[in-house]
Amino acid sequence: MTADTSTLGEMRRAFQAALDAGDLVEATRSARSLLSTNPLLAAASFIRHAVDKSSPERLPLTSVRVALLSSFSIEFIHDALIALGFLDGLRVELYQAGFGQFRQEILNRDSGLYAFAPDAVVLALEGKDLVPDLYRHDVPDAADLNAAVVEAARELTNLAEAFRERSAATLLIHNFTPPTWRRLGILDGEAAPSQADLVAALNTDLGRICRESRGIHTVDYAGLVQRTGALSWYDDRMALYARAPITRGALPELGREYLKFLRALTGKTKKCLVLDLDNTLWGGVVGEEGPQGIALGPEYPGCAFIDFQRAVRGLRQRGVILAIASKNNPADVEEVFASNNHMVLRRDDFSAVRVGWNAKSQSLSEIAAHLNIAPDHMVYVDDNPAECDEVAHALPAVTVLPLPPQPEHFVRALLEPGYFDSLSMSTEDLRRAELYEQRDQAEELRAQSDSLEDFYRRLEMEVTFAPVDNSSVARAAQLTQKTNQFNVTTIRYSEAEVLERCTDPDNLVKTVRVRDRFGDNGIVGVMMAHGSGSEVEIDTLLLSCRVIGRTVETAMLAHVSEYAAQRGARRIRGRIVPTAKNAPARDLYERHGFQSDPSDSTEQAAWSLDLSTGGIQYPTWMKVVSETG
Amino acid sequence: MEQKVKEIMGDVLDLDPQAIDGHTAMDTIESWDSQAHINLCLCLEQDFQIAFTVAEIEAMLSYGDILRVLREKL
C-alpha cells in the first residue's frame, strides 16, 4: 500500500510520540504501519535513527549484539535490520567489519569482532567471493573446480573452528547461490560436475560443519534468493560500482531472515498457534453449510484449505502447540472432526479448544491460562479483520496474523514470517503435544487428590539430575532461551556457552528430567552453580512451566545443597532478577529458608542460605536419581 | 517532488527536512558520507520507482543536483 506524504508524516509523529512516552505497544504499532507502507527503506532509516536515540531505560527492548562480517558491502542492511528488529522487541546493536575483512576478524584474537563481544555473528559470503573460479563466465586456466570447492569447504571448517575457540557467540553462515548464468548454458544440467552440482556440494559441506559444531548455523541464503528470484535479488550495477550486490528491495528480506535467528536466540520463538475455523481451516461457515457442505476437498477452493491444514499439521509435527478459538456451535465443530473425511487435522491435534460466542480475546486468554503459555508466545490466525483487530487491541502481546483474502495465499502467510523457527529440534519438541496431554492428566490428578502431599505421592515422580552431554546440550540451551516464567535470572545461553560452562570443574551444570505415572516429561529444567571457597552461587535455575507446582524446584535446591556439602561449602547464594514474566520464581529462595542478603550492593534481590542449619532435603515423595558424566 | 526528496533525505541523513535547501550538499553535511550516499540513492530509487545510472549517482552530490537528475528522469 502506498500512503501519501501527509499520512506518512502523521505516522512518523505518532511513532516518535509513543517512543518518547515509553509506550512500546503503541510505538511498535506505528512502526509496523510505517514499515508496511512503501517505500520501506526510508521509513526504516527514520525508525533506526529514532530507536538509536531512544533511552534504553525507558523502552523494555531486549538488547542483542550482532556482528556482520561479509565478503561484500552489507552495511546497507543496517537500518532495515534495526527497524525490523524493533518490531520484534529487539534493540539490535551492530558491529560492522570492513568488507572482505572476515578472515582477519575471525583469526585475530584481538580483532574488533571479539572486542565487541557479540551475541551473534553473521558471516555473509557470496560464492563468487569465496570460490571465484566456480562463478567465472570463462574457464579459468588449469582450474580444478572440484579441488577449489574442497578447499573452500576446508577454509570454512577452519574459520568455524577458529571462531569457536575464540568466542561462544552464535555464528550464522550464509550458504551459496548457484551462478545466475551457467558457463555451459543449457548443457550445465548434464555436465559432470555441473556448476550447480559444485555449489550444492559446498552447501552440503556447510550443512555438515553446522551439524557437527555447537551454535553454528546455516542461513539459507540460497533458498532466500531462490524464493525472490536471482534476477530480482541481485543488482549488477551496485555489485560492480559499490560492491553491494543485493538490491534495495531484497535487503529487508535478508534482515527478516536474520531476525528469525535472533528471535530464537532471545527467547522470542512462538510456541502456540491458535486458529479460527470458518474460512480459515475450511471454506464457508459450518453453521450454515453443514459439516459436509464446507469447502474442503480435492477441488478449488477446498484444496487450498487442505494445503493450509497440512502446513498447520507440519508445524504441530515440529512441536508447535495447536489450539482453536472459534465462534460456532460446538456440536457443528465436533461433527466436522468426527465425520468430514477431508479433514487433515484431527480433534486431538489440538491441545485446547474454545468454541462458543465469547470475544476471541476472551477465548485466547482462557487458552493461555489452560496451557500455561504466555500470550507473547501465541500466534493468532483469523480471516476476519474485525476479529484480528479485537484480539490485537485486547491482547497486544499476542502476534496476530490476519489471513489474505484468497485461501491459496494462506500457506505463505503462515510460513513466511518464521514465527515458530527455533535453532534446534529436541525430542521434547517432537513430543510436545503428548507432553501437554500428560500435564492435563496430572492436573486432573491434582484436582482429585485430598491434599497437595497426596497429589505429589500419587504422581510417583522420578527426578533425574544429569551432567550436560552432547545429547542434551541442545535441549539445555533451548530451555535457557525459551523459559521465561520459572527462571530466577533469565540468562540466555547458546549451546557453545553451555558447553563452556561445563569445562570448569568448579561449575555445577545439570539438566533435570522428570518422569511421573503418566510418562516421561523429558528434560524440563536446568541449573548452573559455581563453587568458590566456602560458597556456592546459583546463577541459573529454571523449570518448564509444565512441571511447576510439583516441588521439583525443591529437589533442585536440595541437589545444589548436596553439591555444596560435598565441597565443604558453608553457604549457598542465589539471586532473583525480576522480569515481567518471572513472578512464579520470585519467592523460590524465600520459601526455602534463604535469608535476604543485605551485604549485596546490587539492586537484584540476593539471598543466601547458611548450610550449618542442615541444608535442603529432597522431598520424600519423589525418587531422585543422580547420574554422573 | 521537492517535499518527498526532503523527507527521504531527512530520514536517511537524519536531518530536519525543513532545514534542507540549496546549500545542503555532501561537502557540508557530516552524516552524508559515501555509504549514506548509496543508501540515499537506493531510497530515492525505491520511492520514485526509477533506477539511476552510475553516472547519475556520482552526479547527485547536493540537494540541487538530486532535483536536477530527478527532473531529467521523471
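Against which strands and which helix of chain A do the buried residues of helix 16 of chain A pack? The views below take up this question together with a few others.

This is a predicted model, in which local features need pLDDT of at least 70 and side-chain atom pairs count only at pLDDT 80 or more, while totals for chains, interfaces and linings use all residues. Residues are numbered from 1 along each chain as its sequence is written, and chains are lettered from A and ligands numbered from 1 in the order in which they are written.

**View 1. Helix 16 of chain A and its buried residues.** Helices (H or I, at least four residues) and strands (E, at least two) are DSSP runs, numbered from the N terminus. In helix 16, Phe305(A), Ile306(A), Phe308(A), Gln309(A) and Val312(A) are buried, a residue being buried if 20 or more other C-beta atoms lie within 10 Å of its own, exposed if 12 or fewer, and partly exposed in between, with C-beta atoms placed from the backbone. These residues cover an arc of only 160° around the axis, which puts them on the same side of helix 16 of chain A; the arc is that of the directions from the helix axis to the C-beta atoms. They pack against strand 6 (272–275), strand 7 (321–327) and helix 20 (410–415) of chain A, where contact requires C-beta atoms, placed from the backbone, within 7 Å. After helix 16 of chain A comes Gly319(A), with a positive phi near 110°.

**View 2. Helix 4 of chain B, with a buried and an exposed side.** Within helix 4 (residues 63–73) of chain B, the buried residues are Tyr63(B), Ile66(B) and Val69(B). Seen down the axis, the buried residues of helix 4 of chain B fall within an arc of 130°, so they line one face of the helix. The face turned away from that buried side carries the exposed residues Arg71(B) and Glu72(B), whereas helix 1 and helix 3 (54–59) of chain B are included in what covers the buried residues.

**View 3. The side of chain B that touches chain A.** Here 16 residues of chain B are in contact with 15 residues of chain A. Helix 1 (2–13) and helix 2 (34–48) of chain B each supply at least two residues of this side of chain B, and the largest share, eight residues, comes from helix 2 of chain B.

Methods: Two residues are in contact if their C-beta atoms, placed from the backbone, lie within 7 Å.
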